[in-house]
Every structure is written in structure tokens, then in C-alpha cells.
Amino acid sequence: MIVPFDSSSPVPPFEQVRSGLAARINDRSLAVGTKLPTVRQLAADLGIAPNTVARAYRELEEAGLIETRGRAGSFVAASGDQSRRRAQQAAAEYARTTRKLGLDDAEALSIVRAALDEGTA
């Protein structure tokens, strides 16, 4: 199976698909250029609605992790390799901003933890 899925999980199905694929792209177990299953095929494989998979694919595309090439399908994007670099750049910008605002490290990290927790709720 291309992505783990647990129908009894409290995590929404689209988020399980999105985060599962993102993790595999970021750890390079899905290489750049890998063709992903069609929305309908992955939905059938997981036993979920096609719109759920389509939403996950849209969010992955917005994040630059996959690209859709019309009728050819969806593929792992070359920019997916840049995810860590983009996250590091965002973190550096955040660090500069918190310094300018006079926040100490503990408070800045607390804000990040809250944001990460909010993203999983």
C-alpha cells in the first residue's frame, strides 16, 4: 500500500493520506518522478471517497510535493526534494521575527509547539 490508512483513527482520512504521502516523499521512499495512483484507484484501495483523496492531492500539490500533468496523472515533484530546505528557511525567518519582537527562546518554541499541536487537532 502506498500510504498507511486506519479507518478507526480520529485523524481525518484526507489528513492521513496527505501526511502519509508527504512523509514518504520527504523521506525519499517515494522518489522524484514517481507516478502516484489515480485518485479513484487510491480511494478504492483505501476504501474511502475519491473526493477525500482528491483533497489530499490538492494540498500536496499546493505544497509543491506533487504535480499533476493532466491526463498523465500525478507525480512526485522535483520541488518535493526541497521541503526541508523550505522549512528551514521558514524557521530562520520565524527566528528573526521573534528576535525582533523581543521573545525569548522558550516563548518562541512554545508558540511553535502550540501551532504544531493545533495542526494535528
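Predicted model: local features only at pLDDT ≥ 70, side-chain atom pairs only at ≥ 80, totals over all residues.
Visitor: Which annotation covers residues 11–79?

Guide: The UniProt record, an unreviewed entry, labels residues 11–79 "domain: HTH gntR-type".

Visitor: OK, zooming out. How many helices and strands does the protein have?

Guide: The count is five helices and two strands. If you walk along the sequence, the pattern reads α-α-α-β-β-α-α.

Visitor: And what does the C-alpha trace span along its principal axes?

Guide: About 50 × 35 × 20 Å. The accessible surface of the protein is about 7,800 Å², and carbon and sulfur atoms account for 54% of that surface.

Visitor: What share of the residues is buried?

Guide: Of the 121 residues in the protein, 29% are buried. As for contacts with a separation of 6 or more, 48% are between residues 24 or more positions apart.

Visitor: Let's pick one residue. Where is Ser74 found?

Guide: Ser74 is in strand 2, which covers residues 74–76.

Visitor: Is Ser74 buried or exposed?

Guide: Ser74 has a relative accessible area of 9%, so it counts as buried, because the cut-off for buried is under 20%.

Visitor: Which side chain does the side chain of Ser74 make a polar contact with?

Guide: The partner is the side chain of Thr68, at 3.1 Å. Setting aside neighbours within four places in sequence, Ser74 is also in contact with residues including Thr34, Lys35, Leu36 and Tyr57.

Visitor: What about Val11? Where does Val11 sit?

Guide: Val11 is in the segment before helix 1, which runs over 13–26. With 33% relative accessibility, Val11 is classed as partly exposed.

Visitor: New topic: rings! How many aromatic pairs does a search of the whole structure find?

Guide: Zero aromatic pairs turn up in the whole structure. There are charges over rings, though.

Visitor: Nice, which charged end sits over the ring of Phe14?

Guide: That is the charged end of Arg55, 3.5 Å from the centre of the Phe14 ring.

Visitor: And what sits over the ring of Phe75?

Guide: The charged end of Arg69 does, at 4.0 Å from the ring centre.

How values were computed: Residues numbered from 1 in each chain as written. Heavy atoms only, no water. UniProt positions renumbered as here; feature names shortened; annotations may be inferred. Phe/Tyr/Trp six-rings, centres within 6.5 Å; stacked < 30°, edge-to-face > 60°. Lys NZ or Arg CZ within 6 Å of the ring centre and 35° of its normal. Helix = DSSP H or I, 4+ residues; strand = E, 2+ residues; numbered from the N terminus. Buried < 20%, exposed > 50% of the residue type's maximum accessible area, 1.4 Å probe, protein only. Contact = heavy atoms within 4.5 Å. Areas by Shrake-Rupley, 256 points an atom, 1.4 Å probe, with all protein chains shown as cover. Polar contact = N/O pair within 3.5 Å; in protein donor to acceptor, adjacent residues only side chain to side chain.
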